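This briefing concerns a predicted model. Please consult the sequence and the structure shown below alongside the points that follow.

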Amino acid sequence: QVQLVESGGGLVQAGGSLRLSCAASRNILNFNAMAWYRQAPGRQRELVAHITIGGSTNYADSVKGRFTISRDNAKNAVYLQMDSLKPEDTAVYYCNAGTLLLKGTYYPNYWGQGTQVTVSS
C-alpha cells in the first residue's frame, strides 16, 4: 500500500508551463514503474507517461516533445514537467505507482487523488 499526493495543478494560458509533483508515502523503488494519467470531462482516463526504476520513459503521442516525466528516488517523488500547454491538455492529472509488464504495457496499481490542470485559450 502507498499513498500518493499530487500537487502543482492550476490555471494556465495556452503556451504556458506547469510542473506537477507526486509525493509517495513509501519508497517508490518498491514499484518498477511510476506514471501520470489524466482524465478530461466525458473521456476515459489515459496514460500520459511512465518512467521505470532505471529511468526509461515513454509518452503518449499527444504529449511527446512537450511533457517530461522524471523521478527523485531519494525524495520518493515523481514529476511531470508540462510545456507548450494546449487547451486539450485540460484534465485531472493522476499519479500512479504500478508495474511495467514484459510486453511493455503499464499496469496501474495505486492512485493519487488527482490535481486539476486547466489550460485557457
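Gly10 is placed in strand E2, which covers residues 10-13.

**Gly10 and its surroundings**

- Gly10 has a relative accessibility of 24% and therefore counts as partly exposed, since buried requires a value under 20%.
- Beyond the neighbours within four places in sequence, the contacts of Gly10 are with Leu18, Gln116, Val117 and Thr118.
- Phe31 lies 21 residues from Gly10 along the chain, and 28 Å separates the C-alpha atoms of the two residues.

**The disulfide**

- The number of disulfides in the structure is 1.
- Cys22 and Cys95 are the partners in a disulfide, with a distance of 2.1 Å between their sulfur atoms.
- The link of Cys22 and Cys95 is left-handed, with an angle of -80° about the S-S bond.
- Because Cys22 belongs to strand E3 (residues 18-24) and Cys95 to strand E9 (residues 91-100), the pair ties together parts that are 73 residues apart in sequence.

**Accessibility of the cysteines**

- Cys22 has a relative accessibility of 2% and so counts as buried.
- Cys95 has a relative accessible area of 0% and is likewise buried.
- Both values fall within the buried class because that class takes in residues under 20% relative accessible area.

Methods: Residues are numbered from 1 along each chain as its sequence is written. This is a predicted model: local features need pLDDT of at least 70, side-chain atom pairs count only at pLDDT 80 or more; totals for chains, interfaces and linings use all residues. Side-chain values use heavy atoms; hydrogens and water are left out. A disulfide is a pair of cysteine sulfur atoms within 2.5 Å. Helices (H or I, at least four residues) and strands (E, at least two) are DSSP runs, numbered from the N terminus. Buried means under 20% relative accessible area, exposed over 50%, partly exposed in between (1.4 Å probe, protein chains only). Contact means heavy atoms within 4.5 Å.
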